[in-house]
Amino acid sequence: MSEHSTSLYAARVPIFPRRVSGFYRNLKWWIMGLTLAVYYITPWLRWDRGPNLPDQAVLVDLANRRFYFFWIEIWPHEFYFVAGLLVMAGLGLFLFTAALGRVWCGYACPQTVWTDLFLMVERWVQGDRNARMRLRNAPMSPRKATLLGTTWTIWLLIALATGGAWVFYFTDAPTLARDLVAFQAPGVAYMTIAILTATTFIFGGFMREQICIYMCPWPRIQGAMMDEGTLTVAYRDWRGEPRGKGLRRREAASDLRVTGPQIGGRSPLIPMPGVRDTKIVGAAPAPASIAGPGDCIDCNACVNVCPMGIDIRDGQQMACITCALCIDACDQVMAKIGQPRGLIDYVALSDAPREAAGGAPIPAWRHAMRPRNFLYTGLWSLVGILLVVALFVRPDIEMTVSPIRNPTYVALSDGSVRNVYDVRLLNKHGEARQFLLSPSLGPDLTLQIEGQPGNTLTVPADTQQLTRVYLTAPPGSEAAAEDRTELRLWVVDLEGGERAHVDTVFNGKGTQ
Amino acid sequence: MSKRRIDDVTGTETTGHEWDGIEELNNPLPRWWLWTFYGTVAFSVVYMILYPAIPLINGATGGVLGWSQRGDVAAEIAAVDAAQADMRASLTEVDLAAVSLNPELLSFATNAGAAVFRTNCSQCHGSGAAGALGYPNLLDDAWLWGGTLEDIAYTVRHGIRNEVDPDARYSQMPAFGEMLTEEEIATLVAHVQSLPEGQDPLAGPGGELFDMNCSSCHGLDAQGDRFLGAPNLTDAIWLYGNSDDQLTEVITEGPFGVMPPWGGRLTEAEVRAVATYVHGLGGGETQVGENDNIE
């Protein structure tokens, strides 16, 4: 380490993860397929809402300020639903982090999923780890240019599809697709696609682990949310150490390995000064009392498959996204040398002292049964239930009435008194509806709707309509003479029959 | 910087910086970060050349693109002006009564008229158009000179009793203080106050005075005459109030309310817009009265 000169900046050391197979790899393939399918297919799902509303199942209609999610339609004033979903997302993150550590990073984060996809392409075109390392070190040749060009072309196509899929969430997908191809789509669509294509291509193809280590805040936050009961990917050093390979295994018992901070790339470790006691899984030298070599044969399979280029045997570290591929790699090796699986495994920090002392491993589900996790689950469910309740008790008719107060009333030539109200009526239905308005003070007051005869007004489909309504109290009536009269304005949906009311006031001449 | 050192506790190289025994660890930043930083520096240099950037004593450097926020606003105003040109043209051309038949034009005229009203009319008629003592309320159904669209547009265009526009609506109520005694005026005040309650305008001693002095303008039925701007005295609207003192003053002095002509200051489209707005406030009349003079 002291050979190279001190530099405050380090170039990226490329990582060539080896292919691996096993339970977690299969799980990751399934999750990748599912998440990518959800992302690409969702905007193309249709949902019939009638002739006047869009038929896209999931649509963020920014221009018309509507959010459609299958049978649910959210208006801007109902944005608390989105706030509630964000609260649920936050609590869900707390729950998963407390129970399973950085499981989001390892399985579901778009950066992980797309990097995995890009790695798959890279491996498919250029070959596995060794072939890719050879290719990188080889001088430029037609073959190298072809392979790199093919890889990058496929990456670019995936990136284009990724950026392209995003814009479909914001407008009718089939229409936009046609417009995009015909170069008639709005400029902002092309701009969004260009930016997302570029970020996908660069982040997934070239920056990869740099995003997680240097740009993402999550690795820094995780330390505050995990505890000693959290299941995370770790190396059972009490079982593996002292490590050694081949014939030298016999000598290894006395040759304890000193852990360096930057093994396998230049990924920085979280400095953990207290790491050398037995409370935390780490690369601490095994207790001297253990006789003979450990199970780790130092084959580096775990390092070679790691997409972050780290050595899990160094212990918990910021750069580990807990993708669990090292578990698969190690399990394969353990099977070959006839040792039980799980030298690298999902374990909790609290397992270390017990297992090191010879205790039996605790099953994973027992780790999940902790008060903290129950609390998070409870809160998460509570918010979810409240949201569902709020969804079902949403009023069908929404009306607001604001009296115009400049002036508060108008005296007419026959001595009657007129008040003016701005009435906003929401029609959430897919077709135009007629509403009947009536004031509670009965025959005393005449109601007139601006610009039309009668007491009914028609609100077009999926619209909030502002209408001016005049209420007139005849000369000598109580409402005309009093300063303020309480008043209730009723509205009836003539088709659906729902009623709603708003309390307001009628201003009269009062005592002048 | 000369001596390279590995920190004992963390195993990390130090930068060689040391203060009172506290050493700085060298966890190197990625090189792409450095290049990104250089990129932002280069961007800022280009930006400073292209856009206004460096503050000087009187203003700032202009930037070679010549861009300014003020220019943006001017361009936006010009764009809106251009976009509204068609609307203004059709507002000027169509028959005023036909404006309400075209919802788009009506909406444009009402909104534009509201802006014109706030700027030019609200000083006297109030921001809510409710008027004040001596300044007519434009929300009610009483009109001195007529409440159809054409009447209102004419009033806006030429004004009332001003010396500027020869076509201004004109009339003058005499100061009866020079002709009638105080007793006669007091009798007349009481008589006029009783008119809205159904009192016969020509009955009694007040009716005699009314017949001789007032009926030529306000009419034998006291319902006024829009041709002369003479108010209806049988309704509940009193421009100058109907207390004893207020009516005494009106009859003694003779009111002379002036409204300036707006035809020269507003464009024809603006006059028509504000007429449409005022007409739509709740008191606008649709029928053309027999006494109305239409331009």
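In this predicted model, His125(B) lies in helix α4 of chain B.

**The annotated site in chain B**

An unreviewed UniProt entry lists Cys121(B), Cys124(B), His125(B) and Met259(B) under "binding site". These positions are spread over 139 residues of sequence, yet they cluster in space, the largest C-alpha distance being 10.6 Å. His125(B) counts as buried because it has 20 C-beta neighbours inside 10 Å, and a residue is classed as buried at 20 or more. When residues up to four places away in sequence are left out, His125(B) touches Gly131(B), Tyr135(B) and Leu138(B).

Cys121(B) is placed in the loop between α3 (103-120) and α4 (122-125) of chain B. Cys121(B) is likewise buried, because 21 C-beta neighbours fall inside 10 Å.

Over residues 32-50 of chain B the chain is 100% helix and 0% strand. The C-alpha atoms at the ends of this stretch are 26 Å apart.

**The contact between chains A and B**

Across the interface, 27 residues of chain A are in contact with 31 residues of chain B. On the side of chain A that touches chain B, β1 (9-10), α9 (209-215), β8 and β9 (417-427) each supply at least two residues. The residues of that side divide into 16 nonpolar, eight polar and three charged.

Strand pairing also joins the two chains: β1(A) and strand β3 (residues 29-30) of chain B pair in the parallel sense over two bridges. Within this pairing, Tyr9(A) has Leu29(B) of β3(B) as its bridge partner. Strands of a sheet pair through backbone hydrogen bonds, in either a parallel or an antiparallel arrangement.

**A three-stranded sheet in chain A**

Chain A contains an open sheet of three strands in the order β2-β3-β4, with antiparallel pairing. The edge positions are taken by β2 (58-61) and β4 (72-74) of chain A; each has a single partner strand, so one side of each is left without a neighbour in the sheet. On average, neighbouring strands of this sheet are turned by 10° against each other, direction ignored. Strand β3 (residues 66-69) of chain A pairs with β4(A) in the antiparallel sense over three bridges. Tyr68(A) stands opposite Glu73(A) in β4(A).

**Helix α14 of chain A**

Helix α14 (residues 325-336) of chain A has twelve residues. From its first C-alpha to its last, α14(A) reaches 17 Å, close to the 16 Å expected at 1.5 Å a residue. Its buried residues are Leu325(A), Cys326(A), Ile327(A), Asp328(A), Ala329(A), Cys330(A) and Asp331(A). Which elements do the buried residues of α14(A) pack against? They pack against α1 (23-41), β5 (231-235), α13 (301-304) and β6 (344-348) of chain A. The helix α14(A) is followed by Gly338(A), which has a positive phi near 75°.

**Backbone geometry in chain A**

| Residue or bond | Backbone feature | Value |
|---|---|---|
| Glu241(A) to Pro242(A) | cis peptide bond | omega near -10° |
| Asn406(A) to Pro407(A) | cis peptide bond | omega near 0° |
| Phe183(A) | positive phi, not glycine | phi near 55° |

Pro242(A) is in the loop between α11 (237-240) and α12 (249-252) of chain A. Pro407(A) is in the loop between β7 (398-403) and β8 (410-411) of chain A.

Phe183(A) is located in the loop between α7 (173-181) and α8 (187-207) of chain A, and Asp462(A) in the loop between β12 (456-459) and β13 (463-473) of chain A. Are Phe183(A) and Asp462(A) buried or exposed? Phe183(A) counts as exposed because it has 7 C-beta neighbours inside 10 Å. Asp462(A), by contrast, is buried, because 21 other C-beta atoms lie within 10 Å.

Methods
Residues numbered from 1 in each chain as written. Chains lettered and ligands numbered in written order. Predicted model: local features only at pLDDT ≥ 70, side-chain atom pairs only at ≥ 80, totals over all residues. Helix = DSSP H or I, 4+ residues; strand = E, 2+ residues; numbered from the N terminus. Expected span 1.5 Å × (residues − 1). Buried ≥ 20, exposed ≤ 12 C-beta atoms within 10 Å, placed from the backbone. Contact = placed C-beta atoms within 7 Å. UniProt positions renumbered as here; feature names shortened; annotations may be inferred. Pairing = 2+ DSSP bridges. Axes fitted to C-alpha atoms, helices over the stretch in contact; angles between N-to-C directions. Nonpolar A, V, L, I, M, F, W, Y, C, P; charged D, E, K, R; others polar.
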